[in-house]
Amino acid sequence: MTHTANFVAADLRASSGRLMVGQWNGRTFSLDELHRFPNGGVRVAGHLHWDVLKLWSEIQDGLAKYRARFENTPAAIGVDAWGVDFALLDQRGRLLGNPYHYRDSRTDRVPDLVFQRIDSRKLFTRTGVQTMQINTLFQLYSMAHAADPQLQYADTLLMIPDLFHYFLCGARAVEYSEATTTQMYAPASGWTRDVLESLGIPVRILPKVVAPGTLLDTVQPEVLR
């Protein structure tokens with residue numbers, strides 16, 4: 001008999017999400033949908049946010065559907081999502097509010113403020129990232145400029161897919177391709193800490209960056225249950 005390994009992927013998009021199961025029997029690979037759900041921004045108090053706890057609930061529903069269909073535990077679970085947006089955790093690993101949506105107005109005209117303090121051409125040379133006001137760099141500077149308490153109390157920044165990896169296994173790390181969407185990461189040297197320090201953005205929140213496909217940790221017992 002051929003042993004089959006199952007892999008679960010959560011694919012999060014700006015307007016929808018889904019959980020897929022891939023099955024590998026050593027020769028062929030099949031792919032089936034477990035669960036599909038809507039996604040989108042939620043407007044409250046004049047700002048646009050992502051409802052990440054609702055997304056986490058949908059991921060758990062998808063895992064429950066996996067359990068109903070398959071006897072064996074998945075060999076691995078991974079999450080992919082859009083770039084630039086992030087979540088902040090405090091020292092105890094608790095989520096500091098709902099992450100902002102990249103279309104929120106808090107970054108209006110922020111690039112102009114940033115480039116009054118740093119050289120835009122030098123930043124592009126280091127990061128290779130096109131300047132757009134939705135980028136993580138400008139989102140964080142809008143918080144620093146406004147003395148946002150969330151940023152003051154933050155201990156760790158996680159990009160959106162990395163937040164769900166944290167919920168799954170407790171690991172605090174940012175995957176490389178996500179880091180490169182921030183306009184704060186230089187492929188040749190890592191996080192641009194000097195740039196962030198000059199803008200008043202705390203570098204203590206920056207986690208380690210890991211390669212795609214890195215085994216982060218084992219899934220937490222409550223998730224397995």
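Two strands are said to pair if DSSP finds at least two bridges between them. Strands (E, at least two residues) and helices (H or I, at least four) are DSSP runs, numbered from the N terminus.

The model on the screen is predicted: local features need pLDDT of at least 70 and side-chain atom pairs count only at pLDDT 80 or more, while totals for chains, interfaces and linings use all residues. Residues are numbered from 1 along each chain as its sequence is written, and side-chain values use heavy atoms, with hydrogens and water left out.

**Stop 1: a hairpin**

Select residues 41–44, strand β4, together with residues 47–50, strand β5; 4 bridges hold this antiparallel pair. Val-44 faces His-47 of β5. Between the two strands the hairpin has 2 residues, and Ala-45 there adopts a positive phi near 55°.

**Stop 2: the sheet**

Next, display β3, β2, β1 and β6, which in that order make up an open sheet of 4 strands with mixed pairing. β3 (29–38) and β6 (76–80) are the edge strands; each has a single partner strand, so one side of each lacks a neighbour in the sheet. On average, neighbouring strands of this sheet are turned by 20° against each other, direction ignored; axes here are lines fitted to C-alpha atoms, for helices over the stretch in contact, and angles between N-to-C directions run from 0 to 180 degrees.

Helix α1, residues 52–69, packs on the sheet and touches β1, β2 (16–24), β3 and β6. Contact here means heavy atoms within 4.5 Å. The direction of α1 makes about 140° with that of β3.

**Stop 3: strand β1 and its two partners**

Now select residues 5–12, strand β1, which pairs with β6 in the parallel sense over 5 bridges. Which residue of β6 is the bridge partner of Ala-10? In β6, that partner is Val-79. Asp-11 is placed opposite Asp-80 of β6.

With β2, β1 runs antiparallel, and 8 bridges join the two. A hairpin of 3 residues connects β1 to β2, and Val-8 stands opposite Val-21 in β2. Of the 8 residues of β1, 6 are buried, so the strand is largely enclosed by the rest of the structure. Buried means under 20% relative accessible area, exposed over 50%, and partly exposed in between, with a 1.4 Å probe and protein chains only.

**Stop 4: helix α6**

Select residues 160–169 to find helix α6, which lies across β1 and β6 and runs at about 150° to β6. How many of the residues of α6 are buried? The count is 10 of its 10 residues; among them are Phe-164, His-165 and Tyr-166. After α6 comes Gly-170, with a positive phi near 90°.

**Stop 5: the pockets**

Rolling a probe the size of a water molecule over the atoms shows where empty space is left. On a 1 Å grid over the protein atoms alone, a cavity is a set of points where a 1.4 Å probe fits but cannot get out, whereas a pocket is an open set with protein on both sides within 12 Å along at least five of seven lines; lining residues have an atom within 4 Å of a point. Grid points are joined across faces, edges and corners, and a volume is the space filled by probe spheres set on the points.

The largest pocket holds about 660 Å³ of space. Its lining has 31 residues, and those nearest its centre are Ile-77, Gly-78, Val-79, His-165 and Thr-214. At least two lining residues come from each of β1, β6, α6 and α7 (176–179). The lining divides into 19 nonpolar, 7 polar and 5 charged residues. In this scheme Ala, Val, Leu, Ile, Met, Phe, Trp, Tyr, Cys and Pro count as nonpolar, Asp, Glu, Lys and Arg as charged, and the others, Gly among them, as polar.

The second largest pocket contains about 340 Å³. It is lined by 15 residues, and Leu-63, Arg-67, Val-223, Leu-224 and Arg-225 are the closest to its centre. α1 gives the largest share of this lining, 5 residues.

**Stop 6: the cavity**

The count comes to 1 cavity of 30 Å³ or more, and the space in the largest cavity is about 70 Å³. To view its lining, select residues including Phe-86, Tyr-100, Arg-106 and Gln-150. Strand β7, residues 86–89, provides the largest share of the lining, 3 residues.
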